[in-house]
Amino acid sequence: MRRPRVCFYVSDFGYGHAARDIALARELQEILHAEVVVRTGLPAEFMARSLPGVEVLRGQNDPGVVMDGAAVDRERTLAAVEQWLASWEGYIAAEKVFLRDRRVDLIVSDIVPQPFLAAEELGIPSLGISNFTWHLIYTRLFGKTGLTDRIAEAYRAADGALLLPLHEPMAVFKDRREVGLVARAVSRDRTEIPALPSGRPLVYLGGGRSLDPAVFRGIRTALDGCTLLVPSWVNLPGTVRIPPGETETQDWIAACDLVVSKPGYSTISEAIQARVPMALFRREGFAEDDYLIRGVDGMGIGREVPAAAVLDGSWAENLESLMELRENFDKIDDVFKRDGTKECSIIVGGMV
């Protein structure tokens, strides 16, 4: 019997989209015995190492935004988006050839818009999965323009969208379904990660690949009260660094007492899964942050901290009260306790 073939289009912006799509791809392989192929840019190597046996093909999907420190550089982002849109016709033509040759049964996009147009022209079912759209991000930055209209048109070509917890309305999709939390499963506890010291609070200080490393310059003032865990791409004296090449970073986040980070969706979902409270600093100009910070703060499992407090390390003055937010996880909404990965796989199974 032929295995269902599912093609993932994963945003090139950071590693957060890739992390949650890895969770879903693993589930589809296990439950549906699906043949998965991935099209992505920056996260290609990470996804290939995380998904043995899955073909990961590198190529540019979307530009995201251009960051300047903890703020979006509006002008440089507009230039990148205009260049991206000018390439759409060629992109769609190439993907139509690829999808037809590979006899793909379903595309899943997080949340690259133009593959939906290719799928529609070929009559292949398509599904979006995300908590936000680039339509929201660019409309907030540039207003409603021909540029945003074209992106909305592409999203409307999708057969449906799976809305992850803490989502924006995503009204550009014609059929929307809410699902539970999608996150990579924790496979080790703190005692099984030998690089981690004990005796002091462990705090993950994350910025994501999309963020300017300048946010870490004030890190040393926070080192007195805790041990800081930093991403593999950050090398700072006095901190513990996640080893380069590590794929299961959710295990390291689960080992922490607190997460201090920009509101990266996968970092938040993996922290919620492991009941780790958060201190989140906003990216100026990035509309997704409104929904993520409001949701986390509203449940009492995290607080917003000024980006300046992260830059100078003064967030650590409230370390104990931030860690005490862990007790509020008992009261969070049921949608965060549901297995969204399994829910998504059931929906995908009904489409292939």
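Reader: In E6, which residue is the bridge partner of Val6?

Author: Quick note before we start: this is a predicted model, where local features need pLDDT of at least 70, side-chain atom pairs count only at pLDDT 80 or more, and totals for chains, interfaces and linings use all residues. Residues are numbered from 1 along each chain as its sequence is written, and side-chain values use heavy atoms, with hydrogens and water left out. Strands E1 (residues 5–10) and E6 (residues 106–110) pair in the parallel sense over five bridges, where pairing takes at least two DSSP bridges and strands are DSSP E runs of at least two residues, numbered from the N terminus. In E6, Val6 has as its bridge partner Leu106.

Reader: How many residues of E1 are buried?

Author: Buried here means under 20% relative accessible area, with exposed over 50% and partly exposed in between (1.4 Å probe, protein chains only). Strand E1 is mostly covered, and of its six residues the buried ones number five.

Reader: Is H1 parallel or oblique to H9?

Author: Helices are DSSP H or I runs of at least four residues. The axes of H1 (residues 16–32) and H9 (residues 265–273), lines fitted to C-alpha atoms over the stretch in contact with angles from 0 to 180 degrees between N-to-C directions, come within 7 Å and cross at roughly 50°. Angles under 35 degrees count as roughly parallel, over 145 as roughly antiparallel, 65 to 115 as roughly perpendicular and the rest as oblique. So H1 relative to H9 is oblique.
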